[in-house]
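Subject: Structure handover

Hi,

Here is the structure for you to look through. My notes on what turned up follow below it.

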Amino acid sequence: MSDKGATGTSRIRFMDRMLLRWLARRVQVSALVCDPEPRMVGQYARGKQMLAGNFLMAGELIESRGAVPFAAQTAIARDALHSFDWLDHLAAVGDREARALAQAGVLDWIARFGQGAGPGWSPGLAGRRVIRWIAHAVFLMQGLKAPDQAQFLRALAQHAAYLERRAGRAGAGLPRIEAQVGLLYATLSLEGLSHRVAPASAAVLHAARAQIAEDGGIATRNPEELLHVFELLVWAARAKADQGHALSAQFVGLLDRLAGALRVMRHADGGLVRFHGGGRGPEGALAAALALHDEINPAQTLSKADMAMGFARLSAGRSSVIIDAAHPPLKAAPARAHASTLAFEMTSNRRPLIVSFGDGSEFGAEWHRASRATASHTTLAFEGYSSSRFATQHQARLDLADGPRHVGAEFRHTPYSRAVRLSHDGYLTSHGLEHLRYLDLSSDGRVLTGEDSLIATSRRSMARFDEVLARTGGAGVPFALRFHLHPDAEPSLDMNGTAVSILLRSGELWVFRAGGLHLALTPSVYLEKGRLKPRPSRQIVLSLRAASYTSQINWSLSKAQETPLALRDTLQDDPFVVPDL
C-alpha cells in the first residue's frame, strides 16, 4: 500500500474511533422488539472443539481454555474472531457450558473493543457481528444478569448507529452487503428503529443489485462468496417477512437469480465447486439457504441453465461435472483468481471423485500460490507454465496479471448424453497452441468421455510453435494431463499401467482409461478449509509431448459394470464426531 493510501486508511480508522466514542455517550439503551430465528448452520463438532480450548480460525489453531481469543497471527483469522461467526458453532452445542463461553466472549469483546479499539471496526465486520448477536440473542441473554443485558443492548444500539453512518462506505461487494444487512437486522429488531426499516431495506437491495449480474453471478467468480451473499440476502428477506414487511418483486427476483446460479455450481453431494478462492461451503449451508428461498418464493420457476458465473454444468443420473469455462477474474480478484480455465470437478452421488487442490490461502503464501497454478487443477498444462500468468515475483501480492483472451463454451446435448465443447487460447502467446476440450456425460451418468486437443490454427501460431519445438531439438514440447482425485478415493493401477481403478467409500468403482496410453499415479494434495494441514491425495497423470500442429488425447472415466444402478451409500459420516484437524 502507498504512503498516501496508508495515511487515508489511518485517517478513516481514527474518525471511526471518534464516532464510536461519541455514539457511546449519546446512544440510548434499546430493547429487542423481535428476535429473528437464527438461520446459520453451526457445526456441533466445531463447538465442542472450542469448549475444549481449540479455536480453529481460517487455518490457524488458537488455544484458549475458558475464554474466546481475539488475537491471531493472520488478518483473516482475526476477522473470523471479531465477526463472531464462531457463535454459530457454540449455539449448535447449545448447553450451559457453551452458553457461558459465548456470553463471556461477547462481554469481553464489548469491554475491550466496544469503544472503537482493535481491528474489528470496519463496516463489513460490524455488520456480520450484529447479525450474529441478534440472531443468537435468546441464546446469549438467557441467564445473563440485568447489567450485562443492558450493556449488550447498548452495544447493539451503538452498532446500529455506527452502521447507519458507515454502511454505505463499506468496501464494494460482500463487505457492503454484510454492512447493509447488519443495519437492516438492527432496524427490524431494536426498539425505536422501525422507521428506518424501509430505507435500510432499500440500501440492501441497492448494494446487492450493484454486485449481482443478470445470470446471478458476481465479479470475483468465487462460488463460496456467492453463497455468503445469498445467505445474507435470504436471511434478510425471511426476517422482513416474519415481521410483516412485504418483499419487493425486485428483491425476490434477485434471490431467484442467485439461487439459479448456485444450483449450477452445486455438485451432486450438495457441495460447491472449488475455484477462485472458494471452498465447498459449510456443510448443509447451501441446502438450508435454498430451502429458505423456496419458502419465500414457492411459485418460482426453477432455472434450467447449463451455465452461470462462467461455470458450465453437466449433470445426469447421480453424477455432476462442473467446468471453469470463462476467463479468470483478473480485475475483480487478481490475488485470489486461479489459472483454472477448462478445469473440471466431478462428483458421484455423495462422493467427490475428481477435484482440484482448492483454496490454499489458509495454509500460507506458498500453498496459496501453488493452489492457483494450472497444474493444481484437472486440466492440461505445459511443463512450467499456467494458462494464466502470475505477476513478477517482486510484487508483494502475486496477482494473476494475464490470461486467456478468448474462452469458448458450446453445449451439444442429445437424448443420450450431456456434452460441451470448450476452448481457450491461454497458451497461444507462449506456445502458439490453443487448448480444446470436449466432455460428454452419458444420460445415466455412468460414463464421462473426454477429448483434449492442442492445435495451431494460423500461420503466426504455427511459426510460434515451430520456435518452441526447435528448442526441444524436435523431441516435442512436454505437457501433462492431470486428474486430481479426492483423498477418500482409492486408486490402483491396472492392465500394465493403462487403466486406473478408483474405489469410492460408497463402494462405487470407477475405471479411468486413456486410449492405451501409459498412466502414472503421483502424489497430490487436497486443501480443505477447517483443517490445519493439506490432506494427501493422488492424481492420475498423462505425460505427453506436442510434436506437431495438432495433438489429441482421448480418455474415459466409467463406472464399472458390476456397480449397481441404485447404489446406496452405506458409509455415513457421523456429524457428532470431532474431526481430526
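Glu528 is partly exposed, with a relative accessibility of 24%. Buried means under 20%, so Glu528 does not count as buried at 24%. Its salt-bridge partner is Arg535, with the closest N and O atoms 3.1 Å apart. Arg535 is buried, at 17% relative accessible area. Please keep in mind that this is a predicted model.

The structure holds 28 salt bridges. Side chains of opposite charge can pair when their charged atoms come close.

Asp306 and Arg418
- The side chains of Asp306 and Arg418 meet in a salt bridge, 3.1 Å from N to O.
- This pair links distant parts of the chain, 112 residues apart.
- Asp306 sits in the loop between α13 (285-296) and β3 (307-308).
- Arg418 belongs to strand β12, residues 417-424.
- Arg418 is partly exposed, with a relative accessible area of 29%.

Arg464 and Glu467
- Here the side chains meet in a salt bridge at 3.0 Å, N to O.
- Both residues lie in helix α16 (residues 459-471).
- Arg464 and Glu467 are 3 residues apart, which means that about one helical turn separates them.
- Arg464 counts as partly exposed, at 23% relative accessibility.
- Glu467 also counts as partly exposed, at 44%.

Next, helix α10. The helix covers residues 197-211, 15 residues in total. From first C-alpha to last, α10 reaches 22 Å. That is close to the 21 Å expected at 1.5 Å a residue.

Which residues of α10 are buried? They are Val197, Ala200, Ser201, Val204, Leu205, Ala207 and Ala208. Seen down the axis of α10, the buried residues fall within an arc of 165°, so they line one face of the helix. What do the buried residues of α10 pack against? Their partners are α9 (174-189), α11 (223-242) and α12 (249-264). On the other side of α10, Ala198, His206 and Ala210 are exposed.

To check these points yourself, start with Glu528 and Arg535, the 3.1 Å pair. Then turn to α10 and view the helix down its axis, where the buried residues line one face.

Best wishes

Conventions
Residues numbered from 1 in each chain as written. Predicted model: local features only at pLDDT ≥ 70, side-chain atom pairs only at ≥ 80, totals over all residues. Heavy atoms only, no water. Helix = DSSP H or I, 4+ residues; strand = E, 2+ residues; numbered from the N terminus. Expected span 1.5 Å × (residues − 1). Buried < 20%, exposed > 50% of the residue type's maximum accessible area, 1.4 Å probe, protein only. Arc of directions from axis to C-beta. Contact = heavy atoms within 4.5 Å. Salt bridge = Lys/Arg side-chain N within 4 Å of Asp/Glu carboxyl O.
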